[in-house]
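Hi,

Here is the structure I said I'd pass on. Have a look at it first, and then read my notes below.

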Amino acid sequence: MSKAEKIEEILERYSYLDSKSLIPILQDIQSELGSLNEEAIVLVGQRLNLPTSKIYGLATFYNQFKFEPKGKNHICLCNGTSCRLKGAKWNMVYLEENLKLKNGQTTRNGQFSLEVVTCMGACDHGPVISINEEYYREVDPEKLKHIINDLTQE
Amino acid sequence: MNITIEVNNRTIQAHKGDTILEALNRNGIRVPTLCNMTNLTPSGACRLCVVEVEGRDTLVTSCSHIVENGMRVMTHSPRVVRARKTLVELLLANHPDDCLYCERNGFCELQDLAAELHIRERKVLRKSFTQKLDLSSPSIVRDPAKCILCGRCIRVCDEVQSVSTFEFVNRGCNMYVGTTMSRDLNFSSCIGCGQCVLVCPTGALHERQNFAEVMDALSNPDLIPVVQIAPSISVSVATEFGLKASKDVNKLLYNALRKIGFKYVFDTAVAADIAAVEMAAELIARKGNGNNLPMFSSCCPAWVKFVEQWYPDYIPALSAVKSPQQVMGSLIRNYFAAENEINLSKIFSVSVMPCLAKKFEAQREEMTTRGLSDVDTVLSTRELVRLIKLYGIDIQGIEPQHPDKPFNIRSSSGKLFGISGGSAEALARVVYHKLTSKELNDSKITEVKIISGVKAFSFNAAGQTFTFAVVNGLKNIHSILPVLMEGDVKLDYIEVMACPGGCVNGGGQPYVHEDKYVKLRTKAIIEIDEAEGIKCAARNPLVKAIYDDFLGETGGEKSKKFLYTRYSKREVLL
Amino acid sequence: MARCDSKAELAFIKDAVVPNLHYGVWPTEVSDKFSALRHERVRQPVIYVGVTTSSIVAGALKTKMAIEQYLDDYAVDADVICVGSHGLCSLEPIVEVQIPGKTRVAFTNVTPDRVNSILDGVLNGFIQPEYAIFQYHSEIHEPWHGIPFKNELPFFKRQNRLLLKNAGILCPDSIAEYIAYGGYSALAKAIREYTFDDICRIVEESGLRGRGGGAFHTGAKWRKALQVATSDRYLICNADESDPGGFMDRLLIESDPHKVVEGIILSSYAVSASKALIYIRDRYKVSIQRIQNAIEQAYEVGLLGYDILGSGYSLDVEVHKGPGAYVCGEETALIKSLEGKRGMPTIKPPYPAEFGLNGKPTVINNVETLANIPEIISNGPQWFAAFGTEGSKGTKIFSINGHASQTCWVELTFGEPLATLLDLAGGVKDGRTFKALHLGGPSGVSVTADELDAPIDFDELPRRGISLGSGGVQVLDNTVCMVDLVKYFMHFIRNESCGKCIPCREGSNRMYQILDNISKRPVSNEGHNTLERFKGVIQLETLAEVMRDTSLCGLGQTAPKPILKALKSFRDEFEEHIFDRKCRASVCRDLRTFYIDIERCKGCTACAKKCPTQAIYGTPRSSYFIVEERCIGCGICQDTCKFGAVFFK
């Protein structure tokens with residue numbers, strides 16, 4: 001199925017199309033395609049009768065929506081207060097210096113992408129990261145290095 | 001006057017339902033604002049209009065708070081002034097301070113605020129700005145570094161123009177004003193009307209300058225610079241030269257332009273007359289065969305682009321006659337040049353327009369003859385003023401002059417093209433005259449009600465009823481259009497001007513702080529029309545002469561060749 | 001996670017229980033059923049696994065799988081039930097076992113490898129006391145020897161668990177269990193006996209105030225919305241909890257979603273809302289799943305939808321997944337987000353209670369506030385008002401983390417001193433020195449040791465320059481740099497500010513720059529550089545005041561709080577950063593340089609191997625050195641060195 005068809009299919013699910021269903025539609029599209037893109041915005045705009053600029057503006061406002069495709073390994077790094085106090089900062093520094101990866105970015109080879117989130121609600125086990133929904137607790141740069149190495153070798 | 005409030009320990013009267021700001025302004029107390037716009041809902045974003053209200057913890061924004069009886073307000077207490085000053089300092093910290101080189105130098109609201117609040121110290125060290133200048137549009141230049149995110153352009157584009165090209169992108173300190181996918185303006189849905197430029201408080205949005213080309217042409221001995229000026233300009237520039245607002249300085253402008261170095265100076269109103277005559281022929285023909293009715297006006301290039309983008313199905317309905325600017329351009333190249341035995345390519349045809357979309361129109365490839373653009377370059381009214389000042393011409397001290405032959409006599413309806421409803425009026429007069437050989441006057445016109453916000457009128461001529469509608473500005477256009485096209489009242493002609501009020505309020509006009517000036521401009525044009533003798537384009541002897549001499553009959557072969565054009569669907573990110 | 005209730009069970013609840021809920025007196029078949037649902041007498045072992053976001057990270061799902069594997073392997077007939085959290089996050093995964101005739105007993109830190117030995121023991125009537133932490137008190141069961149009862153544990157004893165009474169005990173996915181524990185009786189009572197107006201009055205009398213941070217009187221807010229003459233009103237449950245380090249609401253929803261749903265229905269009834277919306281962040285998958293399940297079950301048994309309990313009152317509840325923006329906790333921004341727009345706050349007035357979602361009166365309450373309602377209705381306003389202080393009634397839920405000995409989730413009566421929070425958390429982790437208690441998130445304040453006697457109270461704390469916040473509490477030890485902490489908060493604010501108004505957008509950015517400036521090594525060492533840095537700090541105070549005075553919404557107005565408080569309580573630390581260029585906690589990366597003491601280094605290569613940036617060079621068995629440019633200052637080398645040879649300046 002092409003991307004456009006998938007988007008059409010998602011739009012079919014909504015019986016009533018107006019700006020109130022915009023966020024759920026974008027959420028569905030993102031979970032289907034991994035990220036948003038121009039095509040999606042144009043299609044949704046046509047169907048919802050909304051200017052694309054408004055959809056783009058909305059999508060860039062919220063943390064959830066991404067326009068860059070996710071990497072093969074999507075790293076969510078918790079930077080809540082607790083994880084921060086326990087050293088989440090050094091993990092961020094490590095990723096930035098070694099993978100040249102900053103929040104919201106994807107590495108050039110598409111292997112890794114990073115999303116810094118605030119509080120995963122697992123404060124005792126911090127610093128917490130999750131990679132593709134798999135949780136890692138008490139991560140320090142040393143441990144992160146091994147995790148990344150293992151993933152790269154796979 | 002039924003509420004009493006206390007301001008700075010003095011009692012003032014206020015209307016019930018007024019905002020604090022309105023009450024203050026009515027009583028001659030000015031409070032600085034940045035995001036506030038008349039007729040639009042307050043957004044409360046800039047926080048500069050804050051005042052101290054007794055009993056409130058924090059300062060309140062006067063633009064949004066409604067007055068209450070007995071309210072005690074302090075507008076310039078130390079706390080308030082310090083807050084305002086800090087806010088402006090914060091803006092300046094993030095703003096390039098290259099004022100002397102800025103497009104808006106002297107007209108900048110941020111500059112005014114900084115001066116007003118007496119900011120004399122740079123609290124933050126200079127930093128470099130990396131934002132890219134967007135030069136992609138032929139009409140509008142965006143300089144994101146100078147944007148202070150007041151959101152006025154977004155609101156005017158949304159709420160007044162229904163175009164919604166701009167929106168805030170991202171959030172917090174990373175926020176900026178951008179288009180869909182942060183593309184350049186030429187990929188966006190921008191129609192180039194320039195209303196955003198008028199409301200921008202800083203130099204973040206300004207017109208694409210064509211100043212330099214004109215200066216080059218003026219100093220090039222091989223070229224013959226020719227200029228036309230639009231009908232609405234003569235009533236819009238007076239204040240810029242220290243004259244009474246809305247004074248008609250048409251004749252002074254001709255002299256000034258000659259002094260600057262233009263060989264020939266023409267009045268676009270003449271072309272408007274010719275366009276009206278052609279459109280009348282077109283309309284009568286369409287009415288005869290019933291095709292493509294109602295006919296849309298096409299003299300507003302922003303509107304034409306709007307149709308091409310959003311309503312490609314309606315393109316056949318657009319009048320195929322070029323806009324007055326292009327008609328004049330085409331006649332200069334093809335008729336005037338031949339008459340005066342001038343080599344075509346030697347003519348450098350400049351037009352001065354109140355509009356930024358005209359800059360785009362002049363570049364359209366449909367608007368060429370024999371590979372040459374009908375109009376070489378377009379200056380906005382503001383550029384004209386700058387040009388006159390640059391050449392050191394004292395408008396108040398020069399003699400009035402007349403435009404050059406063969407475009408030197410216009411009807412007063414040609415002038416009407418500068419205001420909303422003008423082209424409809426002009427067209428009605430020609431249609432009526434054509435069918436009855438009589439003058440159309442007010443008594444023969446009946447008003448028609450269709451939908452609020454749209455004026456409409458009808459008249460009878462030779463047993464046929466003609467109904468014309470006038471759409472003033474694009475506000476709510478997406479809901480108005482279907483009613484006009486498929487409603488109960490069968491319309492024959494729909495005039496649409498993208499800018500509210502028409503060209504007198506065009507995106508290229510001098511910056512004004514109050515819409516009172518726009519009303520004065522409109523009034524001036526109506527007064528000209530009322531005062532003059534030749535009210536109908538068809539009765540303009542010059543038009544007749546041009547047809548006899550060159551064009552032949554209306555809608556004829558030559559007209560089709562030189563005065564008609566075509567439009568096509570445009571793919572942009574809507 | 002499967003739904004706990006079978007179709008037959010739901011049908012039984014719908015037909016036999018729900019229509020008679022308000023009587024509270026049950027025929028034998030129903031009370032037997034309830035007793036079974038409360039697991040009062042069990043025929044075969046029941047194993048309860050606490051499954052919440054926090055315990056999932058700790059491995060609860062793996063533990064559950066191991067348990068199921070065990071039961072399978074040894075062909076043991078037992079029920080495995082998911083329950084919520086007791087609040088003892090550090091001891092997770094927690095597994096409880098109830099064998100016939102014995103009391104229910106809880107085991108902590110049950111990792112998959114311990115499952116076999118623990119179950120081997122307990123299923124055969126033998127307990128390893130080192131893993132067991134408490135047992136439930138029961139009249140009818142024989143207690144385990146040597147295991148403390150739950151209510152004897154200081155952790156539970158010191159709390160007043162009104163809202164959390166079911167948390168960790170019942171299955172969050174079962175409406176039947178919730179009803180068996182007395183749930184939805186408040187709703188039945190209210191709908192039978194009270195009008196909209198009565199409930200408003202009861203809540204007003206109870207003195208309940210909003211728990212989200214604003215502390216507005218809930219009853220007054222409702223009254224305002226009730227007074228607008230209109231047919232449509234909305235109730236919004238704000239579950240978009242987004243303070244970093246706060247997870248009170250999330251755990252509440254995950255542990256006892258039906259209580260929240262009951263609170264929502266009651267409150268909607270009180271304001272006569274035709275629709276209730278739950279705004280919850282899309283990221284909180286477990287919470288969304290549990291609350292959605294709870295809503296579906298409530299629909300199925302007729303407690304939601306058309307004509308609830310034959311009262312003629314109808315209500316629909318929808319879950320909206322928030323796409324993630326801190327500012328959407330602000331009422332007007334939340335409404336914008338629900339309307340499908342950028343979540344930018346709008347000016348007040350008009351207040352949402354008068355002109356909210358779709359232009360209709362809209363009441364927005366926090367999850368915890370709503371969870372209070374069923375208790376107030378059941379027990380009456382006087383009962384509720386008896387807890388707490390003059391101005392702050394009832395209890396408050398806190399999530400305590402940071403450098404706490406045990407991360408936990410607790411409920412305390414108003415009026416208790418702040419020190420109780422520290423006690424419940426077991427003090428500072430690893431015996432380090434206590435530095436401060438940070439209350440709330442990025443707009444909260446850090447409280448020093450000598451302020452810990454302040455009572456938890458909405459009115460008293462502000463008098464002492466402290467704000468209670470929404471309930472997230474971080475214990476800070478002496479490894480925390482206050483400059484870095486407030487810088488972190490300001491960084492958070494400048495990214496999470498909606499960007500609409502100048503003071504918040506530019507002010508937070510500027511404040512961050514100033515803080516960043518003082519936590520960095522100066523570019524030049526010229527004399528006035530220090531002066532510049534100091535001037536920045538002076539400017540912080542002006543900026544803070546202007547931000548508070550002029551910002552459009554609460555986010556900007558409260559954002560400078562942590563800085564102002566830190567400047568007051570920890571001024572010496574700021575001065576050290578500015579004048580001495582020293583970070584006493586050695587957190588500010590740019591202010592520290594690591595070096596290896598040649599005398600002490602044995603050349604063991606351990607640090608060089610561990611260095612994530614390969615900044616350490618040398619030849620084995622002779623001393624190593626650190627390349628300053630490559631060093632990111634993470635300090636791993638220092639932690640690694642067995643000889644204490646790594647220092648920083």
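Let's start with chain A, which has seven helices and four strands (helices are DSSP runs of H or I with at least four residues, strands are runs of E with at least two, and both are numbered from the N terminus). Reading from the N terminus, the order is α-α-α-α-β-α-α-β-β-β-α. Along the principal axes, the C-alpha atoms of chain A fill a box of roughly 50 × 30 × 25 Å.

Some housekeeping before the rest: this is a predicted model, so local features need pLDDT of at least 70 and side-chain atom pairs count only at pLDDT 80 or more, while totals for chains, interfaces and linings use all residues. Residues are numbered from 1 along each chain as its sequence is written, chains are lettered from A and ligands numbered from 1 in the order in which they are written, and side-chain values use heavy atoms, with hydrogens and water left out.

Chain C against chain A

Here 66 residues from chain C meet 44 residues from chain A, where contact means heavy atoms within 4.5 Å. The two chains bury about 4300 Å² between them, with 55% of it on carbon and sulfur atoms (buried area is the accessible area, 1.4 Å probe, that two parts lose on being put together, summed over both). C:Val57, C:Pro323 and C:Tyr488 supply 16% of what chain C buries against chain A, more than any other three residues.

You'll find three salt bridges between chain C and chain A, each being a side-chain nitrogen of Lys or Arg within 4 Å of a carboxyl oxygen of Asp or Glu. A:Glu115 and C:Arg283 meet in a salt bridge, 2.9 Å from N to O. Several elements of chain C each supply at least two residues to the side that touches chain A, among them helix H3 (53-58), strand E7 (275-281) and helix H19 (482-496). H19(C) gives the largest share, six residues. By class, that side of chain C has 27 nonpolar, 20 polar and 19 charged residues (Ala, Val, Leu, Ile, Met, Phe, Trp, Tyr, Cys and Pro count as nonpolar, Asp, Glu, Lys and Arg as charged, and the others, Gly among them, as polar).

Chain B against chain C

In this interface, 35 residues of chain B are in contact with 34 residues of chain C. About 2900 Å² is buried between them, 56% of it on carbon and sulfur atoms. On the chain B side, B:Leu90, B:Arg171 and B:Cys173 supply 22% of the area buried against chain C, more than any other three residues.

The rule finds three salt bridges across this interface. C:Glu545 forms a salt bridge with B:Arg82, with the closest N and O atoms 2.7 Å apart. Polar contacts link 17 residue pairs between chain B and chain C, both at pLDDT 80 or more. Helix H2 (78-93) and strand E7 (167-169) of chain B each supply at least two residues to the side that touches chain C, and H2(B) gives the most, with seven residues.

Cheers

Methods
A polar contact is a pair of N or O atoms within 3.5 Å; within protein, one must be able to donate a hydrogen and the other to accept it, and residues adjacent in sequence count only if both atoms are side-chain atoms.
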